[in-house]
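Here are my notes for you, point by point. Have the structure open while you read, and click along as we go.

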Amino acid sequence: MMKRQAALRGLVAGATAVAATAVAGGPARAGTGTVTYDCQMFASSFTYTAEVEVSGPPSPAGVGDTVRIEADLSDLPGVAPLKIDSWRTTAKLLASGAQSGTYDLTGPRRKGPVEKKKPLPIGELTARVPLTAGGTVDFTLGTLTLTGTSFGISVPITCRPKGRTPKLLSLKVRGESSPATLLADPATVAPGAGIKLSGSGWGSGEVKLALCREDGTACDAGGLTDVTTSVADGKLTGGAKVKEGTATGTYKIKASQGDTAKLVAIRVEAPGGETETDPCAGKEPEQCGQQDVTVTVTGGPLTLAQDPGEVVLDPVTLNGTAQTTTGTLRKVTVSDARGSSVGWSLIGTLSDFKGPAGASIAAGNLTWTPQCAARAGATPVVTGTPGPLGEAGVLLCSTADSTAGPVGGTYDAGAALSLNVPAATASGEYDAVLTLTLS
């Protein structure tokens, strides 16, 4: 089995930028710089070197303020093959440092026409950023999206920064940090029932939700349905339903936005079931006194062991017709102690049987019937399909990747073997090599 790999392409950074400095009570903050973008328009791509000026409020601002950030970008290169009648531009504003988050920079719809192959003005984009942390907040630009209209046809242009983008603005924020909060109501629900979520201290942009185990691990977005979230002036509102069929127990809902993540406990109870009260369900940690007990579990290796010795098939006496001989694969033991959610596969390949004076029996004449079993406490195992062996790999046993938690344990594997011996076969001893590969 070939394992798939995710390819990451390194990108080259654009030019650097220098941010201006201001003092308290002075004029609005401003910084200039250059951001180099890779842009895609339909099937064609081009480079956009944007000259950018970013401005903000006088520094320092205060925690709890919602400030206006403006970015003025130079014209997009003249690459459009058609006249552009109107267009609108949005971009991502990325905050780091004392406060992290992603905010939407938006501009008004602009009207042309702009003739084909002529530069397209971008102009000023604005974002409203709630300040939630004291200290220095740095701002850079992320993905730029332009949606144009030409003869009634939508013309999308997506531009992604090349490599690390320069810091364009630094903003000093006074006051103590206002961390993100998350509350759930009600704290106890039935499977399929809805929960309202609220909070404060969030940045603008998408907030993702997932249902986690009680300890906050194995978070699964699929554990929640009908998810809605929105943020306005730092306040989060939204809701979700616990997936039908969710087992009774204590869980946590995880809300995440960039580097910010918060967990809130809920209790799932089937209608009419016994109620187990979680004193911290639906409450912030500051409202509930609990102590966590932790243990460190270190993962081990994925190993393969097999009983020693050769596999000897029953002898055959030629009689002028094709015959079948049988045997059994030596016992194989797989131990998966990695403590991960990645499955494994045990694959068999077989060489041709070599006999006297160059005689041979094709590998495909040997078929196997896999036998696989998981020992107590192990996650389920999949048994391969009976069939012929050969140079192409054939599955003996495997475990699937899991989204619900770790896989692992100890497994026993084997196979019943059957070899078809053709009627016209030279007498003598034949040998083949059966290779088992664990990955």
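1. A term to start with: contact means heavy atoms within 4.5 Å. Take Tyr 37: leaving out residues up to four places away in sequence, Tyr 37 touches a list of residues that includes Phe 46, Tyr 48, Leu 141, Cys 159 and Pro 161.

2. Some housekeeping. This is a predicted model, where local features need pLDDT of at least 70 and side-chain atom pairs count only at pLDDT 80 or more, while totals for chains, interfaces and linings use all residues. Residues are numbered from 1 along each chain as its sequence is written, and side-chain values use heavy atoms, with hydrogens and water left out.

3. Back to Tyr 37, which is among the residues with the most contacts inside the largest nonpolar core, a set of 42 residues. Tyr 48, Leu 73 and Phe 139 are also in that group. (A nonpolar core is a set of buried Ala, Val, Leu, Ile, Met, Phe, Trp, Tyr and Cys residues joined through side-chain atoms within 4.5 Å; buried means under 20% relative accessible area, exposed over 50%, and partly exposed in between, with a 1.4 Å probe and protein chains only.) Apart from this core lies another, of 27 residues, with Cys 372 and Val 394 among them.

4. Now look at strand S5 (residues 66-73). Strands here are DSSP runs of E, at least two residues long, numbered from the N terminus.

5. Two strands pair if DSSP finds at least two bridges between them. S5 pairs in the antiparallel sense with strand S3 (residues 44-55) over four bridges, and Asp 72 in S5 is the bridge partner of Glu 53. S5 also pairs in the antiparallel sense with strand S9 (residues 123-130), over eight bridges; there, Ile 69 has Ala 127 as its bridge partner.

6. Next, the disulfides (pairs of cysteine sulfur atoms within 2.5 Å). The count comes to three. One joins Cys 39 to Cys 159, S to S 2.1 Å, and the torsion about its S-S bond is about 110°, so this disulfide is right-handed. Cys 39 is in strand S2 (residues 30-41) and Cys 159 in strand S11 (residues 153-161), 120 residues apart. Both cysteines are buried.

7. Cys 372 is buried at 18% relative accessible area, and Cys 397 is buried at 1%.

8. Last, charges. A salt bridge is a side-chain nitrogen of Lys or Arg within 4 Å of a carboxyl oxygen of Asp or Glu, and the whole structure has nine. Are the partners Glu 269 and Arg 267 buried or exposed? Their side chains meet in a salt bridge at 2.8 Å, N to O, and both residues are buried. Compare Asp 104 and Lys 92, which form a salt bridge at 2.6 Å: Asp 104 is partly exposed at 37% relative accessibility, and Lys 92 is partly exposed at 33%.
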